[in-house]
Amino acid sequence: MTRLLLIGPPGAGKGTQAERLALAFDIPAISTGDIFRYNVTNNTPLGVEVKSFMDAGAYVPDTLTNAIVADRLKEADAAGGFLLDGYPRTTDQVDELDRLLSAGGTQLDVVVLITADTDEVVTRLLKRAAEQGRADDTADVIRHRLDVYAEQTAPLIDVYSARGLVVTIDGLGAVEAVTERILAALADRGLRGQ
């Protein structure tokens, strides 16, 4: 059973690496951003509720996000492990995730911190916005998201570092090279993919 968390600034490559690691470990990659975008695209009640937050580059309130993650972790495919991408983002969400996992008698195995140069992140996100037509990835919104990340999410690194769970990976370079760096760091922690 492998329970991973990917953390890092928007545009650091978490989504790409999440897909690759999910395949390597045969676990679901659970991305709150993907869940939110799906609901917005399909104009579900949740989508209507979160759209205003996403358009402004703000985080969706913890109560909504916690409920979505709790429901997703109860699905059968997550019973053998999972990879979280985009959650938790705040210390309050860390507390809620701890509570959820503790109730199931589990905990996170490793927190993978993917780092990337800010200028590279902005370039990546602007390119992605153009390719995918993402309304939530304008230059102003990207800068705001990076500020919000630094203010709210970066403190999580301290929380998880104090628990000895963090491995730091340079997110720049070829996708395959970054994946290899992550897999090597996980293997050093006793976690090996298939």
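This is a predicted model: local features need pLDDT of at least 70, side-chain atom pairs count only at pLDDT 80 or more; totals for chains, interfaces and linings use all residues.
The protein holds eight helices and five strands, and if we read from the N terminus, the elements come in the order β-α-β-α-α-α-β-α-β-α-α-β-α. With a radius of gyration of 16 Å, close to the 16 Å that the globule rule gives for 194 residues, the protein is as compact as a globular protein of that length. The C-alpha trace, laid along its principal axes, spans about 40 × 35 × 30 Å.

Of the 194 residues in the protein, 48% are buried, and among the contacts with a separation of 6 or more, 73% are made by residues 24 or more positions apart. The accessible surface comes to about 9,600 Å², and carbon and sulfur atoms account for 51% of that surface.

Let me turn now to strand 3, residues 81-85. How many of the five residues of strand 3 are buried? Five of the five are buried, so the strand is largely enclosed by the rest of the structure. In general, the side chains of a regular strand alternate between the two faces of the sheet. Here, both faces are covered, with Gly81, Leu83 and Asp85 buried on one side and Phe82 and Leu84 buried on the other.

Strand 3 also has pairing partners to consider. Strand 1, residues 2-7, runs parallel to strand 3 and is joined to it by five bridges, while strand 2, residues 29-31, is likewise parallel to strand 3 and is joined to it by three bridges.

Finally, I would like to look at Ala58, which sits in the loop between helix 3 (45-55) and helix 4 (62-73). Its relative accessible area is 30%, which makes Ala58 partly exposed. Leaving aside residues up to four places away in sequence, Ala58 touches Phe53 and His144. The C-alpha atoms of Ala58 and Gly33, which are 25 residues apart along the chain, are separated by 12 Å.

Technical notes: Residues are numbered from 1 along each chain as its sequence is written. Side-chain values use heavy atoms; hydrogens and water are left out. Helices (H or I, at least four residues) and strands (E, at least two) are DSSP runs, numbered from the N terminus. The radius of gyration is taken over C-alpha atoms; the globule rule is 2.2 Å times the number of residues to the power 0.38. Buried means under 20% relative accessible area, exposed over 50%, partly exposed in between (1.4 Å probe, protein chains only). Contact means heavy atoms within 4.5 Å. Accessible areas come from the Shrake-Rupley method with a 1.4 Å probe; for residues, only the protein chains shown count as cover. Two strands pair if DSSP finds at least two bridges between them.
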